[in-house]
Amino acid sequence: MLTRRQLRIKVMQAIFAFQKQENAEIKEFETFLNQSMTKTYSLFLYMTQLLVEIHKLAEDKVIKGQQRHLATDSDLNPTRNFIDNKILTKLRESQALVDALKQRDLKPWHLNVRYVENLYNQITTSKTYVIYMSEPDQSLKADLKFLTQIYTDIIAPNDEILDFLEDENITWTDDYPLVNSAMIMFLRKIKPGKEIKLPELIKDEDDVKFTMDLFRKTLFNREEFLERIEGKTPNWEQDRIAQIDLVLIMMAQCEFLKFNSIPVKVSLNEYLEISKDYSTPKSSFFINGILDNLSKEYETEGVLNKSGRGLM
């Protein structure tokens with residue numbers, strides 16, 4: 001779920017927070033970094049369970065309609081496309097999801113039913129819902145198309161949900177786009193005849209090691225990295241440079257010097273893209289200039305110990 005870019009962003013946030021706190025302990029912020037990654041997965045579970053709760057509510061309403069004293073024909077014989085949606089049904093049956101929620105002691109939405117009800121009402125009054133419910137042939141393709149459309153158009157951009165999640169955990173604001181993209185990919189992989197496999201938080205142990213090494217090595221060498229910047233910003237004193245820009249420049253230098261298997265161009269491009277989302281409009285140009293000069297300087301000094309082909 002978490003790509004190398006997202007892991008770099010997590011490290012950036014941890015280093016930025018570390019530098020803002022006086023007498024900070026690195027171990028304390030290693031814990032912060034680990035928790036930040038774990039919380040991302042919790043958000044994914046929250047959003048997955050939200051789909052389950054909406055589906056449960058839809059089924060409850062059908063059952064209550066059939067139990068009415070003066071039930072109409074539409075109450076007794078409702079169109080079942082939504083409640084028979086194969087993907088939603090499979091999610092509700094998923095023991096993997098139940099176990100993941102239990103393992104983390106998460107009970108999302110059980111005290112916040114109004115969010116589920118409000119989303120249900122928005123879904124059932126939407127054009128997408130009307131078209132879906134009128135389709136006579138309920139195929140897996142139609143189920144997936146409907147589900148991805150309501151998630152993308154109604155659930156993900158819902159301001160009320162965003163506010164609720166931000167109150168639950170402030171870091172989820174940054175994680176939300178990532179989790180929503182991961183959700184669409186996850187839904188596409190669900191098949192009626194197969195057990196649901198929840199995505200892994202991090203691809204493998206190499207990515208875990210990369211994350212913690214990047215955090216530690218950037219902080220352990222930050223004085224050296226900051227000294228390297230001096231004299232390369234003639235129009236800017238260091239205290240006038242955006243703090244996020246300084247963090248990104250330090251992290252990029254760390255990858256240049258301490259991560260032999262990562263090409264210089266990859267590191268450069270990654271931090272330029274991150275700066276576009278997290279710093280000032282002109283930061284990417286500023287950072288590009290600094291890092292380009294630094295990489296040439298390191299190459300001239302012969303300290304870029306990159307191994308493998310095409311790594312310069």
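1. Helices (H or I, at least four residues) and strands (E, at least two) are DSSP runs, numbered from the N terminus. Arg5 is found in one of them, helix α1, residues 4-20. The protein chain has 15 helices and 0 strands.

2. A word on the source. This is a predicted model, where local features need pLDDT of at least 70 and side-chain atom pairs count only at pLDDT 80 or more, while totals for chains, interfaces and linings use all residues. Residues are numbered from 1 along each chain as its sequence is written, and side-chain values use heavy atoms, with hydrogens and water left out.

3. Next, overall form. The C-alpha trace spans about 85 × 40 × 35 Å along its principal axes.

4. Now burial. Buried means under 20% relative accessible area, exposed over 50%, and partly exposed in between (1.4 Å probe, protein chains only). Of the 312 residues in the protein chain, 47% count as buried. Arg5 is partly exposed, with a relative accessible area of 31%. The C-alpha atoms of Arg5 and Asp159 are separated by 26 Å, and the two residues are 154 apart along the chain.

5. Is Ile123 buried or exposed? Ile123 counts as buried, because its relative accessibility is 0%. Ile123 is found in helix α6. From Ile123 to Tyr151 is 9.4 Å, C-alpha to C-alpha, and 28 residues in sequence.

6. Look at two backbone angles. Asn23 has a phi near 55 degrees, a positive value in a residue other than glycine. Asn23 is found in the loop between α1 and α2 (26-66). Asn23 counts as exposed, at 73% relative accessibility. Asp105 is not a glycine, yet its phi is positive too, at about 55 degrees. The place of Asp105 is the loop between α5 (95-103) and α6. At 63% relative accessibility, Asp105 counts as exposed.

7. On to the rings. A pair of aromatic rings is described by the distance of the centres and the angle of the planes. Rings of Phe, Tyr and Trp (its six-membered ring) pair if their centres lie within 6.5 Å; planes under 30 degrees apart count as stacked, over 60 as edge-to-face and the rest as tilted. How many aromatic pairs does the structure hold? The structure holds 14 aromatic pairs. One of them is Tyr115 with Phe164, a tilted pair with 4.8 Å centre to centre and 40 degrees between the planes. This pair links distant parts of the chain: Tyr115 is in helix α6 (residues 113-124) and Phe164 in helix α9 (residues 159-168), 49 residues apart. Both Tyr115 and Phe164 are buried.

8. Tyr129 and Phe146 also form a tilted pair, with 6.3 Å centre to centre and 55 degrees between the planes. Tyr129 lies in helix α7 (residues 127-133) and Phe146 in helix α8 (residues 140-155), so the pair ties together parts 17 residues apart in sequence. Tyr129 and Phe146 are both buried.

9. A charge sits over a ring if NZ of Lys or CZ of Arg is within 6 Å of the ring centre and within 35 degrees of the ring normal. The charged end of Arg4 sits over the ring of Phe210, 4.2 Å from its centre. Lys217 lies over the face of Phe259, 5.3 Å from the ring centre.

10. Last, the largest pocket. On a 1 Å grid over the protein atoms alone, a pocket is an open set of points where a 1.4 Å probe fits, with protein on both sides within 12 Å along at least five of seven lines; lining residues have an atom within 4 Å of a point. Its volume, the space filled by probe spheres set on the points, is about 390 Å³. Of the 18 residues that line the largest pocket, the closest to its centre are Phe186, Lys189, Lys197, Leu198 and Pro199.
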